[in-house]
Amino acid sequence: MDEKCCARVQRTKERSPEEYRKLINRLSRIEGQIRGIKGMVEKSAYCPEILIQCSAVTAAMNAFNRELLANHIRSCVLDDIRAGREGTIDELLATLQKLMK
């Protein structure tokens, strides 16, 4: 049996009701913005107007990522380090590299 395949366990995170609600609300607003942009394209809106709305979505996604990352560091990373799982630092660095592309 391939140990690499079986050794990789998908992790999950239990979020507080408040954290869950805040993240879902942010994503719902972003989803609404995306639908709005789609509507603008369907109605042949002028390109700069669409681009401005796309920029707003990018800023909203960046804000979502910052909040999620901060929560991750304060909870998951901190808990893992306290438990002696230093591999979490490498995981965090890899995640940051992907976010900064």
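Me: In which helix does alanine 94 lie?

Reply: This is a predicted model, in which local features need pLDDT of at least 70 and side-chain atom pairs count only at pLDDT 80 or more, while totals for chains, interfaces and linings use all residues. Residues are numbered from 1 along each chain as its sequence is written, and side-chain values use heavy atoms, with hydrogens and water left out. Helices are DSSP runs of H or I with at least four residues, strands are runs of E with at least two, and both are numbered from the N terminus. On that basis, alanine 94 lies in helix 4.

Me: Is alanine 94 buried, partly exposed or exposed?

Reply: Buried means under 20% relative accessible area, exposed means over 50%, and partly exposed is in between, with a 1.4 Å probe and protein chains only. The relative accessible area of alanine 94 is 33%, so this residue counts as partly exposed.

Me: What distance separates the C-alpha atoms of alanine 94 and histidine 72?

Reply: Along the chain, alanine 94 and histidine 72 are 22 residues apart.

Me: Which residues does threonine 88 touch, not counting residues up to four places away in sequence?

Reply: Threonine 88 is found in helix 4, which covers residues 87-99, and it counts as buried because its relative accessibility is 5%. Contact here means heavy atoms within 4.5 Å. With residues up to four places away in sequence not counted, threonine 88 touches Arg11, Val77 and Asp80.

Me: What pattern does the chain follow when read along the sequence?

Reply: The chain has 4 helices and 0 strands. Read along the sequence, its pattern is therefore made of helices in the sense of DSSP runs, and is written α-α-α-α.

Me: What radius of gyration does the chain have?

Reply: The radius is taken over C-alpha atoms, and the globule rule is 2.2 Å times the number of residues to the power 0.38. A compact globule of 101 residues would have a value near 13 Å. The C-alpha trace spans about 55 × 35 × 25 Å along its principal axes, and the chain has a radius of gyration of 18 Å.

Me: Is glutamate 19 buried or exposed?

Reply: Glutamate 19 is found in helix 2 and touches Lys13 and Asn71, residues up to four places away in sequence not being counted. Because its relative accessible area is 14%, glutamate 19 is classed as buried.

Me: How many Å apart in space are leucine 68 and glutamate 19, C-alpha to C-alpha?

Reply: Leucine 68 has its place in helix 3 and is partly exposed, with a relative accessible area of 28%. In sequence, leucine 68 and glutamate 19 are 49 residues apart. In space, C-alpha to C-alpha, the distance between them is 9.1 Å.
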